[in-house]
Amino acid sequence: TRRIDTGSGRDEWYYLSVTLNNLLNRLQEGFEMQRRFIANASHELSTPLTSISSQLEVFLDKERDAGQYRQVMESIYQDVRHLSKLTQTLLRFAQASGDHGGIEIEPVRVDEILMRLPAEMKKMNVVYSVFLSFENLPEEETRLVVLGNSELLFAAIKNIVSNACKYSADHRAVVSLESKLGSVIVIIKDNGRGIPENELKNIFQPFYRAVNSDSYGFGLGLSLSKRIIKLHNGQISVHSRLNEGTTFEIALP
């Protein structure tokens, strides 16, 4: 009499079903994230468009004097700038969500990217300041070079630094650079209000705004930064304490 072992067959079917269920769950989560992103993007785009349309409708209803026309034109101009900035951010977001195929990749010195930050922050707001700490740089300059797109990397780091300046009482960010374990490490510190621990897991989600953040902004900056770093095969982590500050660490291979 030959014994037939059916146990292994049941195990294979069990593991197959678990694998398929996990795959379906990930697909469902992906579709849900895409749905939320489209809904949020549509809302953000429609807000300034609605404002522009409403203002034009009211002022075209009857004749106005030159001063009133100038006032509404200035208001519409601000809405158009807001809409343009959001559109550019969404385009960069889409670019950073793809692959390397359509992006120019070349050797990039990370220290040269960081040196652009002080002037860029001053352009954003005259009270913003950036302190660059290059005390732990390696003697070999090649250890500061990564393969990537300099403009995308600058955008990713700038988003984090601008948040550090924005949410700190002294409007100051400290940016340090070092090289270790085959990676270039960028550390961005501030002495700001911090991020609640239960919200840290959400800050990289598109259109997410922390409870203690200001209402302005699109909620895309950190999400865009993470996607750009991921596109460069890097990693980004964050540590924060309420009323003590936040530290972001970026590791690029």
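Q: Is H171 buried or exposed, or something in between?
A: Start from the cut-offs: buried means under 20% relative accessible area, and exposed means over 50%. H171 has 26% relative accessibility, so it counts as partly exposed. Keep in mind that this is a predicted model.

Q: Where does H171 sit, and what is its phi?
A: H171 lies in the loop between α5 and β4. Its phi is near 55°, a positive value in a residue other than glycine.

Q: Now the whole chain. How many helices and strands does the protein have?
A: There are 6 helices and 7 strands. Read from the N terminus, the elements run α-α-β-α-α-β-β-α-β-β-α-β-β.

Q: What share of the residues is buried?
A: Of the 253 residues in the protein, 37% are buried.

Q: What share of the contacts joins residues 24 or more positions apart?
A: Take the contacts with a separation of 6 or more. Residues 24 or more positions apart account for 68% of them.

Q: How do I read a sheet?
A: Strands of a sheet pair through backbone hydrogen bonds, either parallel or antiparallel. Here, 5 strands form an open sheet with mixed pairing. Their order is β2-β4-β5-β7-β6.

Q: Which strands stand at the edges?
A: They are β2 (129-136) and β6 (235-241). Each has a single partner strand, so one side of each is left without a neighbour in the sheet. On average, neighbouring strands of this sheet are turned by 15° against each other, direction ignored.

Q: How many bridges join β6 to β7, and in which sense do these strands run?
A: The count is 7 bridges, and the strands run antiparallel. Strand β7 covers residues 245-252. For a pair to find by eye, take H239, which stands opposite T247 in β7. Another is S237, opposite E249 in β7.

Q: What about β5 and β7?
A: These two pair in the antiparallel sense over 6 bridges. I188 has F248 in β7 as its bridge partner.

Q: Why is β7 called largely enclosed?
A: Count its buried residues. In β7, 6 of the 8 residues are buried, so the strand is largely enclosed by the rest of the structure.

Q: Which helix packs on the sheet, touching β2, β4, β5, β6 and β7?
A: Helix α5 (residues 150-166) does. Look for its contacts with β2, β4 (172-180), β5 (183-189), β6 and β7. The direction of α5 makes about 140° with that of β4.

Q: How do I describe two packed helices?
A: Two packed helices are described by the angle between their axes and the distance between the axes. Here, take α5 and helix α6 (residues 221-231). They pack at an angle of about 145°, with their axes 9 Å apart. The crossing of α5 and α6 is left-handed.

Q: Which residues meet where α5 and α6 pack?
A: From α5, they include L152, L153, A156 and I160. Among those from α6 are L222, L224, I228 and I229. By class, the contact has 10 nonpolar, 4 polar and no charged residues.

Q: Which residues of helix α4 are buried, and where do they lie around its axis?
A: In α4 (residues 117-124), L117, E120 and M121 are buried. Seen down the axis of α4, the buried residues fall within an arc of 100°, so they line one face of the helix. The face turned away carries the exposed residues A119 and K123.

Q: What covers the buried residues of α4?
A: The cover includes α3 (110-114), β2, α5 and β4.

Q: How many bridges join β1 to β3?
A: Strand β1 (residues 106-109) is joined to β3 by 4 bridges, and the two run antiparallel. In β3, G148 is the bridge partner of E106.

Technical notes
Residues are numbered from 1 along each chain as its sequence is written. This is a predicted model: local features need pLDDT of at least 70, side-chain atom pairs count only at pLDDT 80 or more; totals for chains, interfaces and linings use all residues. Side-chain values use heavy atoms; hydrogens and water are left out. Two strands pair if DSSP finds at least two bridges between them. Axes are lines fitted to C-alpha atoms, for helices over the stretch in contact, and angles run from 0 to 180 degrees between N-to-C directions. Contact means heavy atoms within 4.5 Å. Buried means under 20% relative accessible area, exposed over 50%, partly exposed in between (1.4 Å probe, protein chains only). The arc is that of the directions from the helix axis to the C-beta atoms. A crossing is left-handed if the near helix is turned anticlockwise from the far one by less than a right angle, and right-handed if clockwise. Ala, Val, Leu, Ile, Met, Phe, Trp, Tyr, Cys and Pro count as nonpolar, Asp, Glu, Lys and Arg as charged, and the others, Gly among them, as polar.
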